[in-house]
Amino acid sequence: METADILIKNANELITLEGPNSPRIDEQMSDLTIIQNGSVAIKDGKIVETGKDLKCKAEKIIDASGKIVMPGFVDPHTHLVFAGSREFELDMKLRGLSYMEILKKGGGIFYTVNKTREATSDELIKQSKIRLDNMFAHGTTTCEAKSGYGLETKTELKILKVQKKLNDIHEIDIVSTFLGAHAIPREHSADAYVDIVVDEMIPKVKGLAEFCDVFCEAEVFTVEQSKRILEAGKKYGLIPKIHADEIVDTGGASLAAEIGAISADHLLMSSDKGINEMAQKGVIGVMLPGTPFSLMQDNYAPARKMIDSGVPIALATDLNPNCWVENMQFMIQLGCFNMKMTPAEAVTAATFNAACAIGVNDTVGSLEKGKKADVIILDCPNHKSIPYHFGVNLVETVIKNGKII
């Protein structure tokens, strides 16, 4: 190689995560493939070479001495597009009110649904772009985004179209998921709404989403209803995902394995049986530690047990009005402090495994020749410093598609 557009050199740790192009499990999660005094060369938006102390000419040279260079964070579970804010619920939470009690007082998901139904597409774009800007500043270069705050065909499609527009105008790459089955709207019974999701919504989603998700939970959608929705999505080319076992063990983890879901998310209450079935089928467990944190819960998903059982683990923010966070560094910190993940496991979960959870690991999630040059530079000496030095933004530079933003 003779020339490059950008050469980043002298990184104290160049974290490439180079290796098998499949989700990492067990000991593999600790293999970050770190190059000391590492360099990465970028040309035409792609990574062209990584190594130790590369020698090449470049239009732009960045000295990363004393810092780490790594793939941009991938956030594989967000509810990016919504209207309204629910900070008024915090006082109720502090007084010990449950989610259902808050719902009865006018908060909860239906507050957001009403606000989102009322908002114009331009208003949703404006609000969501601010969130994307915050995510980008904290090192996220790719994210998943779900619909789910419409609970009617018109608004669900509006949200997906807004996400498509945001993907055209923002630096972050957005992968869309259809989540019409996020809750049961008050105007329908559960079975009647499932009919609407299956017969009316899903046929209109083609070209607007890559995944189909469902909230399989007590008092929301049963395993049987969830299976019907996900099977219908598969007929239209939508890859299944599932919100599973967040509040009680409904068997959602087992359903994820049975139906061939790419991921099952939340999993706080999943049984050993469900975890083992996920491991056997290679279903990725997406951990959302910001959610129990925002709900002031002591119980977190059993990440340690899942990793030891062979379930590939990813981390995500679960950005939504009840868990308003755009910072994947904080998820790494919560993963270590509250779920007993090692720093290496948490970094893997926030990059390569997260990319696998939304099917983009062929292009992002690791620093390998031919992949997108989505690179972040953190002002800290090693990857263990990411959870160790919390409460600040450690990201100094974000490079997206080979451009310094």
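Predicted model: local features only at pLDDT ≥ 70, side-chain atom pairs only at ≥ 80, totals over all residues.
Two packed helices are described by the angle between their axes and the distance between the axes. For helix H7, which covers residues 223-235, and helix H8, which covers residues 252-259, the axes come within 11 Å and cross at roughly 30 degrees. Angles under 35 degrees count as roughly parallel, and H7 and H8 are therefore described as roughly parallel to each other. Their crossing is right-handed. Helix H8 also packs with H9: here the axes come within 8 Å, with a crossing angle of roughly 20 degrees. H8 is therefore roughly parallel to H9 as well. The handedness of this second crossing is left-handed, whereas that of H7 with H8 is right-handed.

Charged side chains come next. Side chains of opposite charge can pair when their charged atoms come close. In this model, the count comes to 18 salt bridges. One of them is formed by Lys 305 and Asp 272, with an N to O distance of 2.9 Å. This pair links distant parts of the chain, as Lys 305 belongs to helix H11 (residues 303-309) and Asp 272 to helix H9 (residues 272-281), 33 residues apart. Lys 305 has a relative accessible area of 38% and is therefore partly exposed. Asp 272 also falls in the partly exposed class, because its relative accessible area is 44%.

The surroundings of the two partners can be told apart by accessibility. Glu 345 is buried, with a relative accessible area of 5%, while Arg 304 is partly exposed at 26%.

A further salt bridge joins the side chains of Glu 368 and Lys 371, at 3.5 Å from N to O. Both Glu 368 and Lys 371 are buried. Elsewhere among the charged residues, Asp 173, Lys 372, Asp 374 and Lys 400 are joined into one network by salt bridges that share partners.

Leu 151 has a phi near 55 degrees, which is positive in a residue other than glycine. This leucine is found in the loop that runs between strand S9 (140-146) and helix H5 (153-169). With a relative accessible area of 2%, Leu 151 is buried, because values under 20% fall in that class. His 266 likewise has a positive phi, of about 90 degrees, although it is not a glycine. His 266 is placed in strand S13, which covers residues 263-266. The relative accessible area of His 266 is 2%, so this residue is buried.

Pro 240 lies in strand S12 (residues 239-244) and is counted as buried because its relative accessibility is 4%. The C-alpha atoms of Pro 240 and Ile 8 are separated by 38 Å, and the two residues are 232 apart along the chain. Lys 52, in turn, has its place in strand S5 (residues 46-52). At 55% relative accessibility, Lys 52 lies over the 50% cut-off and therefore counts as exposed. A distance of 9.1 Å separates the C-alpha atoms of Lys 52 and Ala 11, which are 41 residues apart along the chain.

Finally, the surface carries a nonpolar patch. Leu 90, Leu 94 and Met 296 make up this patch, which covers about 300 Å². Of these residues, Leu 94 is placed in helix H1 (residues 89-94). Leu 94 is exposed because its relative accessible area is 56%.

Definitions and conventions
Residues numbered from 1 in each chain as written. Heavy atoms only, no water. Patch = residues over 30% accessible without salt bridge, like charges linked within 9 Å, V, L, I, M, F, W, Y side chains within 5 Å. Areas by Shrake-Rupley, 256 points an atom, 1.4 Å probe, with all protein chains shown as cover. Salt bridge = Lys/Arg side-chain N within 4 Å of Asp/Glu carboxyl O. Helix = DSSP H or I, 4+ residues; strand = E, 2+ residues; numbered from the N terminus. Buried < 20%, exposed > 50% of the residue type's maximum accessible area, 1.4 Å probe, protein only. Axes fitted to C-alpha atoms, helices over the stretch in contact; angles between N-to-C directions. Parallel < 35°, antiparallel > 145°, perpendicular 65-115°, else oblique. Left-handed = near helix turned anticlockwise from the far one by under 90°.
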